[in-house]
Amino acid sequence: MSAKDIIQNRRSAYPPQFTGAEIPRETIIAMLDSARFAPTHRLTQPWRFNVFSGDARETFARAWAEAYKTHEGENAKQATYDKFIKKPMSCSHVIAIGMKRNPIVPEFEEIAAVACAVQNMLITASDLGAGGYWSTGGHAFYHTFKPFFGLQGDDRLLGFLFLGMPRNLPLPPRERLSVDEISVWHG
Ligand SMILES: Cc1cc2nc3c(=O)[nH]c(=O)nc-3n(C[C@H](O)[C@H](O)[C@H](O)COP(=O)(O)O)c2cc1C
């Protein structure tokens, strides 16, 4: 497949769509390897990843649920806590997406570079028959959760990749804005 085909075939896949099979270790390594080649202003390479599989998913789940409880205090809901405990176990792997802050460039550029790296990972996963989605939501902003991933100070936690082996590939395309709708040509 051409790069264009691989990009256009990538779709987010969610735990109910996963077969339950484990993603091969080589696929996860290929994803991380692709992340390294994303563009990065002044070569700061701000992407940092924590990969959870097997029993470590449970460790992640407990830390995630506890971070939720700490953050929400009295507003924490048991159902949401339980969801955080269960969700990682419905995935083959969870990858926490971190940004190691380097003040020689604006923060926006660092976040953009990590997003490019994550897209490389998702495209590589899709090419190799794996899938998942980037989850953000409030948990990306639980500052108390950052040290769990070796992040500190102005580093950022930018969410999680929940990954599995999707069934029924390729997933059907979604309606997208056309080239005409997203571009204004001059000259
Ligand atoms: C930065 C970012 C954060 C996202 N956060 C979530 C999320 O919290 N929950 C979710 O269901 N999908 C999330 N998504 C996935 C989008 O919903 C998905 O990419 C979009 O619906 C387009 O579908 P596609 O990826 O299949 O093309 C996120 C995507 C990006 C790029």
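## Helix crossing

A crossing is called left-handed if the near helix is turned anticlockwise from the far one by less than a right angle, and right-handed if clockwise. In this predicted model, local features need pLDDT of at least 70, side-chain atom pairs count only at pLDDT 80 or more, and totals for chains, interfaces and linings use all residues. Residues are numbered from 1 along each chain as its sequence is written.

The crossing of H2 over H5 is right-handed; helices (H or I, at least four residues) and strands (E, at least two) are DSSP runs, numbered from the N terminus. Helix H2 (residues 25-35) packs against helix H5 (residues 107-127) at about 145 degrees, and their axes are 7 Å apart. Axes are lines fitted to C-alpha atoms, for helices over the stretch in contact, and angles run from 0 to 180 degrees between N-to-C directions. Contact (C-beta atoms, placed from the backbone, within 7 Å) involves Thr27, Ala30, Met31, Ser34 and Ala35 of H2 with Ala117, Asn120, Met121, Thr124 and Ala125 of H5.

## Sheet

The order E1-E2-E4-E3 describes an open, antiparallel sheet of four strands, where pairing requires at least two DSSP bridges between two strands. Strand E1 (47-53) and E3 are the edge strands, and the twist averages 20 degrees from one strand to the next. Seven bridges join E1 to strand E2 (residues 93-99), with Phe49 opposite Ile97 in E2. H5 packs on this sheet, touching E1, E2, E3 and strand E4 (156-164).

## Ligand surroundings

Around the ligand stand Arg11, Ser12, Tyr133, Trp134, Ser135, Thr136, Gly137, Gly159 and Arg174, each with its C-beta atom, placed from the backbone, within 6 Å. Strand E3 (residues 131-135) supplies the largest share of this shell, three residues.

Methods
Contact = placed C-beta atoms within 7 Å.
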